[in-house]
Amino acid sequence: MSSRSLRRRLHHGDVDGKRKEHFDSSGLDSLSEPLLADDDYTENKKICTLEDLWDDERKRAQFHWTFIFSNIIAQWAQWLANVVLGSGSIIGRLLSFPYSALNLPNNRILPPSLSPLQEERVRLLRQRLEVPFDGSKAEHQDALKQLWKLAYPNRELPSLKSELWKEMGWQGSDPSTDFRGGGFISLENLIFFAKTYPDSFQRLLNKQDGIRADWEYPFAVAGINISFMLAKMLDLQAGNPSSLSGICFLKLLEEDEMAFDNLFCVAFQMMDAQWLAKRATYMEFNDVLKCTRAQLERELTLEDISSVKDLPAYSMLR
């Protein structure tokens with residue numbers, strides 16, 4: 001059995017309901033995010049084991065030192081090249097050599113130098129994240145209509161304010177009131193999901209997998225929450241990503257300009273698997289989303305992950 005096959009089996013065990021997850025959500029609490037349930041419901045739950053904490057800490061330390069050593073090697077190679085080629089100041093290179101290997105507080109590290117392609121794709125992705133949903137714009141209205149047609153190709157398109165939108169998982173008759181912190185990109189993510197992985201999209205939309213709860217999560221609003229969660233997890237709000245997950249994501253983005261959208265689809269499928277494994281109900285959505293983030297963070301830091309398709313959870317998409 002190959003190492004990748006073994007790894008896929010091991011990590012699919014994360015959603016069997018036997019292992020609980022934890023991540024630091026303090027960064028989310030200060031923002032106006034579109035959550036489905038209050039954190040008060042889950043704040044007294046024990047959602048983490050000592051083994052999980054040590055495992056995450058060891059992985060974080062390993063990644064941190066690997067990053068430092070890779071920076072040291074890269075700096076020495078650059079310095080040696082300049083010495084051999086006779087360009088640049090040797091003293092200047094020596095003074096600047098170790099600086100990029102310094103770590104920052106709160107388990108962050110200085111981001112690596114980005115390639116021109118990475119810089120451009122990060123810039124474009126950040127531009128998308130900054131666009132709020134505006135129900136008065138024709139482009140945004142058309143996007144909502146497109147989502148309906150993809151979700152229900154054989155049904156008549158309702159008006160933009162209709163009780164029928166609730167069937168897709170919007171909380172009211174006017175979908176524009178549900179976006180809040182998710183922004184227009186969350187609608188783009190849902191459209192991408194429906195077009196790229198239509199079978200998985202329809203299964204999740206219609207809750208076709210597993211034994212479902214009496215009080216299910218609303219599909220569309222769950223998608224908005226997942227987009228918001230990914231943006232925070234990948235540290236895409238300002239500057240270059242400096243979180244472990246964000247730095248790992250840069251490599252995926254260099255390979256695929258739609259890496260964020262593909263990762264959204266993986267995260268949505270992963271969240272539903274967690275939901276079923278935990279036999280969760282509506283008020284436990286935040287807990288399930290935290291577990292989803294923790295699993296996704298672990299998979300992003302695995303070895304030999306160079307694209308979203310390399311993630312173990314990607315195999316759940318159809």
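1. Helices and strands here are DSSP runs, numbered from the N terminus; a helix has at least four residues and a strand at least two. On that basis the elements of this predicted model run α-α-α-α-β-β-α-α-α-α-α-α-α-α from the N terminus on. The chain holds 12 helices and 2 strands.

2. Overall burial and contact order come next. The chain has 318 residues, and 48% of them count as buried. Take the contacts with a sequence separation of 6 or more: 74% of them join residues 24 or more positions apart.

3. The largest nonpolar core has 70 residues. Met168, Leu230 and Phe268 have the most contacts inside it. Helix 11 gives the most, with 12 residues.4. Leu230 deserves a look of its own. Leaving aside neighbours within four places in sequence, Leu230 is in contact with Phe260, Leu263, Phe264, Ala267 and Leu296.

4. Leu187 lies in helix 7. Its relative accessible area is 0%, so Leu187 is buried. Not counting residues up to four places away in sequence, Leu187 touches Phe133, His140, Ala143, Leu144, Leu147 and Phe179. Leu187 and Val221 are 34 residues apart in sequence; their C-alpha atoms are 10.0 Å apart in space.

5. Now the rings. The whole structure contains 15 aromatic pairs. In one of them, Trp148 and Trp165 have ring centres 5.2 Å apart and planes at 65 degrees. Edge-to-face applies because the planes are over 60 degrees apart. This pair links distant parts of the chain. Trp148 is in helix 6, and Trp165 is 17 residues away in the loop between helix 6 and helix 7. Trp148 is buried, at 0% relative accessibility. Trp165 is buried too, at 0% relative accessibility.

6. Tyr217 and Trp275 make another edge-to-face pair, 4.9 Å centre to centre with 80 degrees between the planes. Tyr217 sits in the loop between helix 8 and helix 9, and Trp275 in helix 11. The two are 58 residues apart, so this pair also links distant parts of the chain. Tyr217 counts as buried at 1% relative accessibility. Trp275 counts as buried at 1% relative accessibility.

7. One aromatic cluster is formed by Phe193, Tyr197, Phe201, Phe219, Phe264, Phe268 and Tyr314. Two of these names have come up before. Phe268 is among the residues with the most contacts inside the core, and Phe264 is in contact with Leu230.

8. Charges over ring faces should be noted as well. Lys207 lies over the face of Tyr217, at 4.1 Å from the ring centre. Tyr217 is the residue that pairs with Trp275. Arg155 lies over the face of Tyr152, at 4.7 Å from the ring centre.

9. How do helix 5 and helix 10 pack, and at what angle do their axes cross? Two packed helices are described by the angle between their axes and the distance between the axes. The axes of helix 5 and helix 10 come within 9 Å and cross at roughly 100 degrees. Angles of 65 to 115 degrees count as roughly perpendicular, so that label applies to helix 5 and helix 10. On the helix 5 side the contacts come from Leu117, Gln118, Arg121, Val122 and Leu125. On the helix 10 side they come from Phe249, Leu250, Lys251, Leu253, Glu254 and Glu255.

10. Helix 10 is largely enclosed by the rest of the structure, because 9 of its 12 residues are buried. The buried residues are Leu244, Ser245, Gly246, Ile247, Cys248, Phe249, Leu250, Leu252 and Leu253. Phe249, Leu250 and Leu253 also meet helix 5.

11. Backbone check. Most residues other than glycine have a negative phi. Arg279 has a positive phi, near 50 degrees, and is not a glycine. Arg279 lies in the loop between helix 11 and helix 12. Its relative accessible area is 72%, so Arg279 is exposed.

12. Asp304 also has a positive phi, of about 50 degrees, although it is not a glycine. Asp304 is found in the segment after helix 12. At 41% relative accessibility, Asp304 counts as partly exposed.

Technical notes. Residues numbered from 1 in each chain as written. Predicted model: local features only at pLDDT ≥ 70, side-chain atom pairs only at ≥ 80, totals over all residues. Heavy atoms only, no water. Core = buried A, V, L, I, M, F, W, Y, C linked by side-chain atoms within 4.5 Å. Buried < 20%, exposed > 50% of the residue type's maximum accessible area, 1.4 Å probe, protein only. Contact = heavy atoms within 4.5 Å. Phe/Tyr/Trp six-rings, centres within 6.5 Å; stacked < 30°, edge-to-face > 60°. Lys NZ or Arg CZ within 6 Å of the ring centre and 35° of its normal. Axes fitted to C-alpha atoms, helices over the stretch in contact; angles between N-to-C directions. Parallel < 35°, antiparallel > 145°, perpendicular 65-115°, else oblique.
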